[in-house]
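Please keep the model in view while reading.

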Amino acid sequence: METITKRVQNSYGNEEYVLVPPADIIEEAEGYVLVCDMPGVAPDKLDITVENDRLEITGHTAESSTDDKTLRYAEFTLRDYKRQFFISEEIDTTRISAHLENGVLTVNLPKREE
């Protein structure tokens, strides 16, 4: 699956490109499970925020280094990931949890109890 590149403004007001990771959302009896591909992102470089009805996921990739070598040709560029989802009032935002392993992010979005 091809990942979409999107231009956004960073915190300094400059435009930059980010990758929009592909995602699946699975509904289960107790809530929803969101699965995103985010290769190259370490768990400590992942930000997940919920504000009002918006879930925002940002993953920062490490800078690639060629040390003392001279890069002659490159097809792979590391970019940060960013994705937003609108969530309904049925989600209990106080119990959202996430797990990142082997480049796959899993976010559990539990439903509010009746």
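Where does arginine 112 lie? Arginine 112 sits in the segment after strand 9 (104-110). Lysine 111 is also found in the segment after strand 9. Strands here are DSSP runs of E, at least two residues, numbered from the N terminus.

This is a predicted model: local features need pLDDT of at least 70, side-chain atom pairs count only at pLDDT 80 or more, and totals for chains, interfaces and linings use all residues. Residues are numbered from 1 along each chain as its sequence is written, and side-chain values use heavy atoms, with hydrogens and water left out.

| Residue | Relative accessible area | Class |
|---|---|---|
| Arginine 112 | 45% | partly exposed |
| Lysine 111 | 18% | buried |
| Threonine 61 | 13% | buried |

Arginine 112 touches Glu89, Glu90, Ile91 and Asp92, leaving aside residues up to four places away in sequence. Contact means heavy atoms within 4.5 Å. A polar atom of the arginine 112 side chain lies 2.7 Å from the backbone oxygen of glutamate 89. The C-alpha atoms of arginine 112 and arginine 95 are 9.1 Å apart.

Lysine 111 touches, among others, Glu28, Tyr32 and Arg95. Its side chain makes a polar contact with the side chain of glutamate 27 at 3.0 Å. A polar contact is a pair of N or O atoms within 3.5 Å; within protein, one must be able to donate a hydrogen and the other to accept it, and residues adjacent in sequence count only if both atoms are side-chain atoms.

Threonine 61 belongs to strand 6 (residues 54-61). Its side chain reaches the backbone oxygen of arginine 79 at 3.3 Å.

Definitions and conventions:
Helices (H or I, at least four residues) and strands (E, at least two) are DSSP runs, numbered from the N terminus. Buried means under 20% relative accessible area, exposed over 50%, partly exposed in between (1.4 Å probe, protein chains only).
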